[in-house]
Amino acid sequence: MRRFIAHRVFNALLIDRRSAEGAETVDRQRRETLEAMTSVLDGERSLILYPEGTRGSGDAVQPFRAGLYHLARARPGVPLVPVYLGNLARILPKGATLPVPMQGQVVFGAELHIAIGEDKQAFLERCRCAVLELAEGRQ
Amino acid sequence: MTLFADRELVWLIGGILIFLSIATVVAAILKRRARSESARATVDNLVARTRAWWVMVLVFGIAIATGGVGSLVMFAIVSFLALREFMTLLPTRRADHRAMLWTFFLFLPLQYWYVATGWYGMFSLLIPVYAYLLLPSVLVLAGDTEDFLARTARLQWVLMICVFCVSHAPALLMLEIPGYQGEGAKLLLFLVVVTQLSDVLQYVVGKLFGRHKAVPAVSPNKTIEGYLGGGGLAVLIGTALWWATPFTPWQAALLSSVVVLAGMAGGLVMSAVKRDRQVKDFGALIPGHGGVLDRIDSLCFAAPLFFHLTRFYFT
């Protein structure tokens, strides 16, 4: 059931998130993940990334995980479009099974690119700020 | 279909269609003549509103034509959409989740179920008594006491407005008025026509002749001229429709006045709520109008009063 929804409904790219042990395996897992993502992009298709890595309480936008940076560096020509999803934590908070049928909100921003030689933290923070701006600018 | 069996009902619906056709033609003429930027914006909004009215009349017409069940389902959906819009604007916390689910999936269907089965006692008690006590109980079990009273009150309030009050409109169909059996659809149509015409005429008269702002702190577009002119005209039309109701002309005039005044109060209260939550409209579902709740704010206040006055004096 989960598999069907992930593949057919959301057209998701499944990623191995089991914590690997040993520097070598970690390295290999990261490489494979990145390759899986770049191959989608190379196929002229888009990827939707949730750079917070998990769902939060909805009070704040969590720090972004590094995967976004690695992907941006691997394909610097691909435009990154920041998207803010509003009201989701109220509709279906973490741990709840049934959603309250309230209105959600999707706000799109202007596309971003990674700068040449841009620092990892600086880039991730810049992306996060772009999303935060969308959150403040709505309504 | 029951729709064409009743002459008076045909006249009512025919009248609405004629009125709307005239409005459409007027809007088209105004659109040609609008020159200035602000006039054009107003006329564009007018055209969008008129267009949306056709859709709303069509939906409501189908609901009325399919008899009791259709009206009931339509108002249940209206309640659902209104609740959804209102709930979206509320500052709720994680602990409110379960109570919010109860309002949508328990109290709303149950309320309309009691309307459908004509169980007047439960229809009147479910939300003001049972939901009123159950909601804070559900909330307290979630264990979060922060802002508790306000959170409870908000949920109770939206449930009262969006479900309890709105359900009084289709509940008109369950009234058994001597000499008027099975004609409740006209009563419902009367209520909806008077409240909605009152809104429309207040808007039109206000736009044409409005000079003095009535309540600038709450709603800057409302004028004294709009209230008096639009409200007065709506009462006149309501009175002129007495033949479709179980009322005499004077009774129709009095009830129309109550409906119009309650509608004004409703519109104003909901404007204050929007202001409080810092939004212009409750939603964007109906082009030119805003959300469903923007369209039915006056009906929310008028329906319970109209229902109970009719029930008290005519059944």
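User: In which strand is the place of B:Thr223?

Analyst: This is a predicted model, in which local features need pLDDT of at least 70 and side-chain atom pairs count only at pLDDT 80 or more, while totals for chains, interfaces and linings use all residues. Residues are numbered from 1 along each chain as its sequence is written, chains are lettered from A and ligands numbered from 1 in the order in which they are written, and side-chain values use heavy atoms, with hydrogens and water left out. Helices (H or I, at least four residues) and strands (E, at least two) are DSSP runs, numbered from the N terminus. For B:Thr223 the run in question covers residues 219–223 of chain B, and that is strand E2.

User: Which residues of helix H3 of chain A are buried, and why are they on the same side of H3(A)?

Analyst: Helix H3 of chain A spans residues 67–74, and its buried residues are A:Leu68, A:Tyr69, A:Leu71 and A:Ala72. They share one side of H3(A) because they cover an arc of only 165° around the axis, the arc being that of the directions from the helix axis to the C-beta atoms. In general, an α-helix has 3.6 residues a turn, so residues three or four places apart point the same way. What covers these buried residues includes two helices of chain A, H2 (23–42) and H5 (120–137).

User: What is the phi of A:Asn87, and what is the phi of B:Gln278?

Analyst: A:Asn87 is found in the loop between strand E1 (83–86) and helix H4 (88–91) of chain A, where it is buried with a relative accessible area of 17%. B:Gln278, in the loop between helix H9 (249–276) and helix H10 (292–314) of chain B, is instead exposed, with a relative accessible area of 72%. Neither is a glycine, yet phi is positive in both: about 75° for A:Asn87, and near 60° for B:Gln278.

User: Which salt bridge partner does A:Arg75 have?

Analyst: Side chains of opposite charge can pair when their charged atoms come close. A salt bridge is counted here when a side-chain nitrogen of Lys or Arg is within 4 Å of a carboxyl oxygen of Asp or Glu. The N to O distance is 2.7 Å, and the partner is A:Asp42.

User: How many residues apart in sequence are the parts that B:Asp6 and B:Lys186 tie together?

Analyst: The side chains of B:Asp6 and B:Lys186 meet in a salt bridge at 3.1 Å, N to O, and both residues are buried. B:Asp6, B:Glu8, B:Glu183 and B:Lys186 are linked in a network of salt bridges. Since B:Asp6 lies in the segment before helix H1 (7–33) of chain B and B:Lys186 in helix H7 (residues 184–209) of chain B, the parts tied together are 180 residues apart in sequence.

User: What is the area buried between chain A and chain B, and how many residue pairs are in polar contact across the interface?

Analyst: The contact takes 15 residues from chain A and 15 residues from chain B, and the area buried between them (the accessible area, 1.4 Å probe, that two parts lose on being put together, summed over both) is about 1,200 Å², of which carbon and sulfur atoms give 59%. Of the area that chain A buries against chain B, A:Arg90, A:Pro101 and A:Gln103 supply 49%, more than any other three residues. A polar contact is a pair of N or O atoms within 3.5 Å; within protein, one must be able to donate a hydrogen and the other to accept it, and residues adjacent in sequence count only if both atoms are side-chain atoms. Across this interface the rule for salt bridges finds zero, whereas the number of residue pairs in polar contact (both at pLDDT 80 or more) is 10.

Technical notes
Buried < 20%, exposed > 50% of the residue type's maximum accessible area, 1.4 Å probe, protein only. Contact = heavy atoms within 4.5 Å.
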